[in-house]
Amino acid sequence: MGIRLPSVVQAKKILKLQSLLSRNRAEVPKGHFAVYVGEVEKKRYVVPTSYLNHPSFRSLLCQAEEEFGFNHPMGGLTIPCKEHAFLDLASRLQAS
C-alpha cells in the first residue's frame, strides 16, 4: 500500500524532472516547450504542447501577451502568475 501524493505535488515533481532533463536551455524535447513562471523569480518548466489546446492555459497566454507582448526577456515564453497557480493548472491539465 503506497501513499498517494496530492496532484499538485505530483505535477510539480513531473515538471521539475522534465526541466532537469532538459538542462541545456536550447534542448526541449519534441512535443514540448519551455515556459518561465513566477512574478519575481522566474522558474523554467518544460510543458507538453497539448496544454495549448486547453482554455485555461490559453487564458494564461493572453495574460502573458498583455504584460510582455511578444518580447520575452527570458528567451522563452514568460507567464506572469504565481508558481503555485501554474502548478495547480498543470496538475489539472495533466489529469484531463
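This is a predicted model: local features need pLDDT of at least 70, side-chain atom pairs count only at pLDDT 80 or more; totals for chains, interfaces and linings use all residues.

Cys-62 first: I find it partly exposed, because its relative accessible area is 42% (buried is under 20%, exposed over 50%, partly exposed in between; 1.4 Å probe, protein chains only). Cys-81 I log as buried, since its relative accessible area is 8%. I looked for disulfides and got zero, a disulfide being a pair of cysteine sulfur atoms within 2.5 Å.

Numbering runs from 1 along each chain as its sequence is written, and side-chain values use heavy atoms, with hydrogens and water left out.

Rings next. I count three aromatic pairs (Phe, Tyr or Trp ring centres within 6.5 Å, taking the six-membered ring of Trp; planes under 30 degrees apart are stacked, over 60 edge-to-face, the rest tilted). Tyr-45 with Phe-86 is a tilted one, at 5.6 Å centre to centre and 40° between the planes. That pair links distant parts of the chain, 41 residues apart: Tyr-45 sits in strand E2 (residues 43–48) and Phe-86 in helix H3 (residues 83–95). Helices (H or I, at least four residues) and strands (E, at least two) are DSSP runs, numbered from the N terminus. I have both Tyr-45 and Phe-86 down as buried. I also see Phe-33, Tyr-51 and Phe-57 linked into a cluster by ring pairs.

Last, Ser-91, which I place in helix H3. Ser-91 counts as buried because its relative accessible area is 5%. Its side chain reaches the backbone oxygen of Asp-88 at 2.7 Å.

Note on methods
A polar contact is a pair of N or O atoms within 3.5 Å; within protein, one must be able to donate a hydrogen and the other to accept it, and residues adjacent in sequence count only if both atoms are side-chain atoms.
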